[in-house]
Structure formats: structure tokens, C-alpha cells
Amino acid sequence: MKVASNYIKNVVDTLKTTFVGMKITGKYLLQKPITVQYPDERLPIPNRYRGIHYLEQEKCINCLACARACPIDCIEMDAVRHGKELEWITFTLDYQKCMFCELCVYPCPKDCIHMGTEYAFVSYDRSEFNHDLLSYKGMAREAKVRMIEADKKKQAKAEAKAAKAAAEAASAAADEGAATAGTADEDAPEDDTAPE
Ligand code: SF4
Ligand code: SF4
């Protein structure tokens with residue numbers, strides 16, 4: 001008798017739990033799916049999201065304020081100044097160390113380093129996480145070429161000016177030498193001992 005009652009109880013429990021499960025399934029079956037088909041689809045990113053940095057290279061003055069503010073020394077940069085222009089060599093941020101704290105952003109006097117909304121950053125090569133912010137913006141090469149060309153032109157102009165000045169100095173020196181020789185001939189005494 002006990003065996004039969006257990007059997008009936010198991011059947012009832014099974015039907016009951018199946019009904020509860022199907023009720024939940026039915027509820028979600030009629031709702032719009034919320035699955036996002038990443039990477040083809042992405043959820044909207046909030047404006048204040050702290051993702052991969054981006055740099056407005058044209059505005060940056062290589063003041064190192066961001067690098068100094070970073071508590072774990074993630075940022076390294078190097079640039080050569082040509083008058084008013086900077087020739088950028090490197091501006092890297094090491095995402096193996098970065099903790100996305102945003103402390104590097106606030107001290108920037110030119111408001112040119114920002115936390116972006118990009119977050120997908122995967123690689124099999126750890127060295128790629130030392131991220132080049134110059135090439136990330138895609139501006140480094142063009143800016144570099146422009147600055148090198150400007151520098152070459154400037155150098156050629158300076159060389160031409162120096163050569164012209166040297167030529168003028170040499171010509172002035174030659175004229176002065178000729179004038180001195182002429183004066184010396186006029187001032188020279190006549191030779192009375194010459195045979196008649
Ligand atoms: S977000 Fe923080 S840890 Fe990352 S580079 Fe900026 S200051 Fe350094
Ligand atoms: S603080 Fe701003 S201006 Fe100064 S080096 Fe960093 S990004 Fe450039």
C-alpha cells in the first residue's frame with residue numbers, strides 16, 4: 001500500500017514541477033528576446049564609461065602631467081620639439097597594468113586624453129597590451145611625415161641663408177683685400193738707386 005502511495009506522490013510531484021517549469025518557460029516565450037548577438041550587436045555604452053583611452057595628439061603638449069598622475073606608471077611618451085611643432089616618437093599606455101581609474105585624465109591641461117567607450121581588447125600577444133595611442137588614433141604617421149618635411153624645408157632654408165652669408169662675407173673680404181693692396185702700391189716710396 002505504501003509503495004503505491006509513494007508512486008502516486010512521485011507522479012503528482014513530477015507533474016507539478018513540470019507545470020511550474022513550463023509556466024516560467026511560457027512566460028518568457030511570449031516576451032521579446034533580450035539576447036545581444038555580440039559582436040554584431042552591442043549594448044549602448046554609458047557616456048561616463050571608462051574604456052580604452054584615446055588621445056587628441058594635435059592638442060597634446062608632451063607635458064607629462066598624465067604620466068606623473070598615473071599611480072602605476074602605465075604611460076610613457078617621447079617627442080622631439082621642432083619650434084612650435086612636436087615630432088611624436090611614442091605615447092604608449094600599458095593595459096597589462098592599467099586599472100582604468102581615470103586619474104591620468106583630470107590633470108591634463110589641454111583636455112586631450114580621454115577614457116573611450118571601446119572595451120574589446122584581446123590578443124594572444126601580451127606585448128600588444130602596451131598600446132600605442134598615437135597609432136590608435138591613426139594620426140601618428142601623417143603628423144610625423146608633415147613635421148619631418150617641415151623640418152627639412154626649414155633646415156634647407158637655414159643652410160641656403162648660411163651659404164649666402166658666407167659667400168657675401170668672402171666677397172667683402174676679397175674686396176677689402178684688393179683695396180688694401182691698391183693703397184699699399186700708392187704709398188710705396190720710389191726707388192732712387194735704380195741704374196739710369
Ligand atoms: S586610468 Fe589610471 S592606471 Fe590607467 S593609465 Fe590612467 S591613471 Fe594610470
Ligand atoms: S597631460 Fe595632456 S597635454 Fe600633457 S602629456 Fe598628457 S595628454 Fe599630453
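A: Let's start with a definition: a residue is buried if 20 or more other C-beta atoms (placed from the backbone) lie within 10 Å of its own, exposed if 12 or fewer do, and partly exposed in between. This is a predicted model, in which local features need pLDDT of at least 70 and side-chain atom pairs count only at pLDDT 80 or more, while totals for chains, interfaces and linings use all residues. Residues are numbered from 1 along each chain as its sequence is written, and chains are lettered from A and ligands numbered from 1 in the order in which they are written.

Q: What makes A65 buried, exposed or partly exposed?
A: A65 has 15 other C-beta atoms within 10 Å. Across the protein chain, buried residues make up 7% of the 196 residues.

Q: Where does A65 sit, and which residues does A65 touch?
A: A65 belongs to helix α2, residues 65-69. Helices are DSSP runs of H or I with at least four residues, strands are runs of E with at least two, and both are numbered from the N terminus. Leaving out residues up to four places away in sequence, A65 touches P107, C108 and P109; contact means that the C-beta atoms, placed from the backbone, lie within 7 Å. A65 and Y106 are 41 residues apart in sequence but 9.4 Å apart in space, C-alpha to C-alpha.

Q: How do you know which residues are around ligand 2?
A: A residue is listed if its C-beta atom, placed from the backbone, lies within 6 Å of the molecule. For ligand 2, the list includes C60, C63, A65, C66, C108, C112 and I113. The shell divides into 10 nonpolar, 1 polar and 1 charged residues. Nonpolar here means Ala, Val, Leu, Ile, Met, Phe, Trp, Tyr, Cys and Pro; Asp, Glu, Lys and Arg are charged, and the others, Gly among them, are polar. Ligand 1 has 13 residues around it, the closest being C70, C74, C98, C101 and C104.

Q: Why are β2 and β3 called a pair?
A: Two strands pair if DSSP finds at least two bridges between them. Strands β2 (residues 75-82) and β3 (residues 85-94) have 8 bridges, so they pass, and they run antiparallel. One of these bridges joins H82 to E85 in β3. The two strands form a hairpin with 2 residues between them, and G83 in the turn has a positive phi of about 60°.

Q: What makes β5 part of the sheet?
A: β3 and β5 (residues 130-132) are joined by 3 bridges, so this antiparallel pair also meets the definition. Here L93 stands opposite H131, and D94 opposite N130.

Q: What makes up the largest nonpolar core?
A: Such a core is a set of buried Ala, Val, Leu, Ile, Met, Phe, Trp, Tyr and Cys residues joined through C-beta atoms within 7 Å. The largest has 12 residues, among them L55, C66, W88, F91, L93, C104 and I113. β3 and α3 (133-137) each supply at least two of its residues, and β3 gives the largest share, 3 residues. I113 contacts L55, C66 and C104, among others.

Terms used: Two residues are in contact if their C-beta atoms, placed from the backbone, lie within 7 Å.
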